[in-house]
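Thank you all for coming.

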Amino acid sequence: MSDRYIDFVNSDIGRRLVGAVGLPSPARLERWQPGRLRPVEGALLLGGGALASTVAGFANKLTSEVYVQGVSESPLPAWTAGLGPKLKALVFDASGLADPAELKALREFFQPLMKSLARSAHIVILGRAPQTLSDPQAHITQRALEGFSRSLAKELRNGGTAQLLYVDPAAEDQLEGALRFFLSPKSAFISGQVLHLGACGDQVQDWTRPLAGRKALVTGAARGIGAAIAETLARDGAELLLVDVPQAEGDLHALAARLGGRALGLDICATDAAQRLIEALPEGVDIVVHNAGITRDKTLANMTPEYWDAVLAVNLQAPQQLTQRLLESGTLGDAARVILLSSTSGLAGNRGQANYAASKAGLVGLAQAWAARLAERGGSINAVAPGFIETHMTAKMPFALREAGRRLSSLGQGGQPQDVAEAVAWLAQPGSGAVNGQALRVCGQSFLGA
Ligand SMILES: NC(=O)c1ccc[n+]([C@@H]2O[C@H](COP(=O)([O-])OP(=O)(O)OC[C@H]3O[C@@H](n4cnc5c(N)ncnc54)[C@H](O)[C@@H]3O)[C@@H](O)[C@H]2O)c1
């Protein structure tokens, strides 16, 4: 569904009117276009501690324009506020900050460049996970980065985003994959997020087709976010098995044919669902995306047992049971990537959605509970929590709720199915085993439960 307000505020007359009366003015976000090769088109600035030099080692693969600030003995050109080009991407290594007094390095680095950011600029701050540090001062200092990065994200304008990545020393070889995602338009609708990267033995071989040779299963793929996930995984080289209810088989077969994949009409709650999937995947599966989901909204006072049961069965019990059966049958291969479609409603709670929110919070629990078991075999399991995404599901919402859902976020708009699909495709990559048992919000830094 189109967002007419964004079209309006980005027109000449709209820009003048909105500016004059002080209404929010969401930017048109830059998104990844087919055929694009470089993650960053424009100037990338590196600053801070030793990890900035690590990033400098591969930064020429991200963009042709790399600058540094305060990085000693770097052969790269220095960037000077007021003189240098507008910045499209920034990486600041704060991992060496070990005392709260040293946090002033953040202000000193970011303050002079806040007025030199290009449209849709992407910022990544690097740190060390506080729980991995034995020194209390260092723990406190690294934890402080969360508040800083989330506030920075809220201050950015023109479609800018900021994230914090806590990088274990053993995960530094996975920084390239993470930065290729978070500095590029693939993460256009993700902001204010904090992720922890741990060790991962796998690497992407070919960045133009990072999922080449991987077999992927996507449920609920006939339309909306599931269809976008299918398109994006196919773009990145995966072989697809697409699943949706038998009533949606027409659309499902058409999509599978276009993407060179296979389609299977199947209700994921059917008693023989796991068996039929195992039979349809005789050579196993490397990527499983549990996307199928339903809403049956009612306040608790009016919630029927049928509404409760249907939502819990599709959204939580089926992903749990299917994952378990695929794992036990050996269909889910080593180094598997399992991605669960949660929701910001699950993280924050939402009036009239007690059943849906319980199911979506349960999926975060599923990722946490199974992470260690998958990691034993080089696998990972994570939740992606979309906020307001423009699909059939949100088009059904009453107008006022829909407008609130769109505007109550730092980016001031709904996301596109592609935004969720890009996050799923990144988590499906071989090197993304560095992220495990976590929830990544794709919500434009929605104020819901943020
Ligand atoms: N749209 C949003 O704003 C939003 C926000 C947060 C989370 N999500 C989640 O993202 C996922 C996709 O959402 P969407 O907006 O594309 O929804 P959608 O309703 O457009 O598509 C969901 C698909 O799942 C399929 N499905 C439902 N029950 C099934 C079953 N029992 N077996 C097989 N397939 C089944 C449907 O037929 C449909 O094709 C869902 O899990 C949803 O909860 C969506």
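Predicted model: local features only at pLDDT ≥ 70, side-chain atom pairs only at ≥ 80, totals over all residues.

Let me start with one crossing of helices: α7 and α8 cross in a right-handed way, a crossing being right-handed if the near helix is turned clockwise from the far one by less than a right angle, and left-handed if anticlockwise. Residues are numbered from 1 along each chain as its sequence is written, and side-chain values use heavy atoms, with hydrogens and water left out.

Helices (H or I, at least four residues) and strands (E, at least two) are DSSP runs, numbered from the N terminus. The axes of helix α7, residues 224-235, and helix α8, residues 249-259, come within 10 Å and cross at roughly 15°, which makes α7 roughly parallel to α8. Here the axes are lines fitted to C-alpha atoms, for helices over the stretch in contact, with angles running from 0 to 180 degrees between N-to-C directions, and roughly parallel is the word for angles under 35 degrees. On the α7 side A227, A230, E231 and A234 meet L255, R258 and L259 of α8, contact meaning heavy atoms within 4.5 Å. Those residues divide into five nonpolar, no polar and two charged, where Ala, Val, Leu, Ile, Met, Phe, Trp, Tyr, Cys and Pro count as nonpolar, Asp, Glu, Lys and Arg as charged, and the others, Gly among them, as polar.

A second pair is formed by helix α10, residues 305-328, and helix α12, residues 354-375, whose axes come within 8 Å and cross at roughly 15°; α10 and α12 are therefore roughly parallel to each other. The crossing of α10 and α12 is right-handed. The contact includes Y307, W308 and L312 of α10, and Y356, L363 and W370 of α12, and by class it has 13 nonpolar, seven polar and three charged residues.

How many of the eleven residues of helix α15 are buried? Ten of them are, so α15, residues 417-427, is largely enclosed by the rest of the structure; buried means under 20% relative accessible area, exposed over 50%, and partly exposed in between, with a 1.4 Å probe and protein chains only. Among the buried residues of α15 are P417, D419 and W426.

Now to the phi angles. Most residues other than glycine have a negative phi. S120, however, has a positive phi of about 50° although it is not a glycine; S120 lies in strand β4, residues 117-127, and counts as buried at 3% relative accessibility. Leaving out residues up to four places away in sequence, S120 touches R28, L29, E30, K88, N158, G159 and G160, and its C-alpha atom is separated by 8.5 Å from that of A27, which is 93 residues away along the chain. A335 also has a positive phi, of about 55°, without being a glycine; A335 belongs to strand β11, residues 332-341, and is buried, with a relative accessible area of 14%.

Finally, the cysteines. The structure holds zero disulfides, a disulfide being a pair of cysteine sulfur atoms within 2.5 Å. C200 is buried, with a relative accessible area of 11%, whereas C269 is partly exposed, at 33%.

Methods:
Parallel < 35°, antiparallel > 145°, perpendicular 65-115°, else oblique.
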